[in-house]
Amino acid sequence: SYAALEATALIKADVDPDHPEVRKILDRISGQCQNGQYRAVDMSKPVYEAAVFLMAMANGDPETYKAEIRVLAGWLVKEQRSSGAWDYPGKQNGDTSQTQYALLGLWEATRVGVSVPRVVFARAANWHLTHQSEDKGFGYHPLIQHGPGKPRDNRSSHTMTAAGIGSLQICRLFLFPNATLAPQEPVLPEE
């Protein structure tokens, strides 16, 4: 997944996607999506991996890798927990960082024409809004009870608050596509 991030950074810095090093990375990523299936390289963090693979392919050569982009987006959609978040394998509570990466990858997929059900973004937005820290920021994990009266620490951090806000903005794009962030003209009282 580091190589996919490198390829994405190079492409964003205007390195031609056909540059041999970039193409080598994109082709290697493509090899993880064969016969309509995604096979993670790193089984300990497949959500991160699928998301950064999506980012690299969507920015690099979305026409050549359209089938792989569809496979990765479909895999991420299926991996969304019923709560609306994404998490590490075997975990169900949700992880703000994993969720951010999944949403970034799905956003890239939609930018190149791959359809993602709106409900995916609705569930993710709901998870974020219902799992904020007490200070209304975001931590890595929701507040979970570990025995009577022993909640796990869920202090917000700057990085996870930025991730949560960014994720909510991505969800807003799909849930309220005609909304504007521009301030509205104030309505002045009549004299």
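This is a predicted model: local features need pLDDT of at least 70, side-chain atom pairs count only at pLDDT 80 or more; totals for chains, interfaces and linings use all residues.
Axes here are lines fitted to C-alpha atoms, for helices over the stretch in contact, and angles between them run from 0 to 180 degrees between N-to-C directions.

**Entry: overall layout**

I started with the secondary structure and found seven helices and two strands in the chain. Going along the sequence, I read the pattern as α-α-β-β-α-α-α-α-α. I then looked up burial: of the 191 residues in the chain, 44% are buried. For contacts with a separation of 6 or more, I got 59% between residues 24 or more positions apart.

**Entry: helix 5 against helix 7**

Next I checked how helix 5 (residues 96–111) sits on helix 7 (residues 158–175). The two pack at an angle of about 35 degrees, and their axes are 9 Å apart. The crossing came out left-handed. On the helix 5 side, I listed T96, S97, T99, Q100, L103, L104, W107 and T110 as making the contact. Helix 7 answers with M160, A163, G164, S167, I170, C171, L173 and F174. Sorting the residues of this contact by type, I got nine nonpolar, seven polar and no charged.

**Entry: helix 5 by itself**

**Entry: helix 4**

I ran the length check again on helix 4 (66–79). Its 14 residues should span 20 Å at 1.5 Å a residue, and the end C-alpha atoms are 20 Å apart, so this one agrees as well. The buried residues in helix 4 are K66, E68, I69, V71, L72, A73, W75 and L76. Among the elements covering them I found helix 2, strand 1 (33–34), strand 2 (37–38), helix 3 and helix 5.

**Entry: the core**

Which residues have the most contacts inside the largest nonpolar core? I found Y38, I69, L72, L76, W86, L106 and F121, in a core of 43 residues. Helices 1 to 7 each supply at least two residues of this core. Helix 3 (46–60) gives the most, with ten residues.

Leaving out residues up to four places away in sequence, I69 touches L54, M57, A58, P62, A109, V112 and V114.

Terms used: Residues are numbered from 1 along each chain as its sequence is written. Side-chain values use heavy atoms; hydrogens and water are left out. Helices (H or I, at least four residues) and strands (E, at least two) are DSSP runs, numbered from the N terminus. A crossing is left-handed if the near helix is turned anticlockwise from the far one by less than a right angle, and right-handed if clockwise. Contact means heavy atoms within 4.5 Å. Ala, Val, Leu, Ile, Met, Phe, Trp, Tyr, Cys and Pro count as nonpolar, Asp, Glu, Lys and Arg as charged, and the others, Gly among them, as polar. A nonpolar core is a set of buried Ala, Val, Leu, Ile, Met, Phe, Trp, Tyr and Cys residues joined through side-chain atoms within 4.5 Å. Buried means under 20% relative accessible area, exposed over 50%, partly exposed in between (1.4 Å probe, protein chains only). The expected span of a helix is 1.5 Å times one less than its number of residues.
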